[in-house]
Amino acid sequence: MENNKINYNGISIEVKEITPELAKDILENHNNLNRNRNKDHVKSLLNNMKQGTWRFNGDTIRFDRGGELIDGQHRLAALVEFGKPLPMIVVKGFD
């Protein structure tokens, strides 16, 4: 998949194929600001991925300026369990 990246006022937006390994690294090393994960929500997302009903829908994986994950932990956790890469929109640089 070709990566497309846009930069606007310090915010970068990129369509990126996220591998399970990258998702795991993000969750282990850049996920200190989120609430606890809802296991039922992760399971639901995982089931959608396994059944082929998960869709690229515009939801983003968002990071602050320091590289901390601020949105997307449930999708990333499901992706780790899914074990296959999926395209996602990654947005970095929020205050």
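**Ground rules.** I number residues from 1 along each chain as its sequence is written. In this predicted model, local features need pLDDT of at least 70 and side-chain atom pairs count only at pLDDT 80 or more, while totals for chains, interfaces and linings use all residues; side-chain values use heavy atoms, without hydrogens or water.

**Sheet.** I looked up the strand order first. Five strands make an open sheet, β1-β2-β5-β3-β4, with mixed pairing. Strands (E, at least two residues) and helices (H or I, at least four) are DSSP runs numbered from the N terminus. Two strands pair if DSSP finds at least two bridges between them. β1 (4–8) and β4 (69–71) are the edge strands; each has a single partner, so one side of each lacks a neighbour in the sheet. From one strand to the next, the twist averages 30 degrees.

**Strand pairs.** I then checked β2 on both sides. β1 and β2 run antiparallel, joined by five bridges. Tyr 8 has Ile 11 of β2 as its bridge partner. The two strands form a hairpin with two residues between them, and Asn 9 in the turn has a positive phi of about 50 degrees. β2 (residues 11–18) is also antiparallel to β5, through seven bridges. There, Glu 17 is partnered by Pro 87 in β5.

**Helices.** I followed α3 (residues 73–82) next. It packs on the sheet and touches β2, β3, β4 and β5, its direction making about 145 degrees with that of β5. Contact means heavy atoms within 4.5 Å. Angles run from 0 to 180 degrees between N-to-C directions, on axes fitted to C-alpha atoms, for helices over the stretch in contact. Helix α1 (residues 20–29) lies across β2, β3 (60–64) and β4, at about 130 degrees to β2.

**Salt bridges.** I found four (side-chain nitrogen of Lys or Arg within 4 Å of a carboxyl oxygen of Asp or Glu). One of them joins Lys 24 and Glu 28 at 3.9 Å, N to O. Both residues sit in α1, four residues apart, about one turn of the helix.

**Cavity.** I list one cavity of 30 Å³ or more. A cavity is a set of points on a 1 Å grid over the protein atoms alone where a 1.4 Å probe fits but cannot get out; lining residues have an atom within 4 Å of a point. The lining includes Trp 54, Asp 59, Arg 75 and Met 88. β5 (residues 86–94) gives the most to this lining, three residues.

Definitions and conventions
1 Å grid on protein atoms, 1.4 Å probe; cavity = no way out; pocket = protein on both sides within 12 Å on 5 of 7 lines; lining within 4 Å. Points joined across faces, edges and corners; volume = space filled by probe spheres on them.
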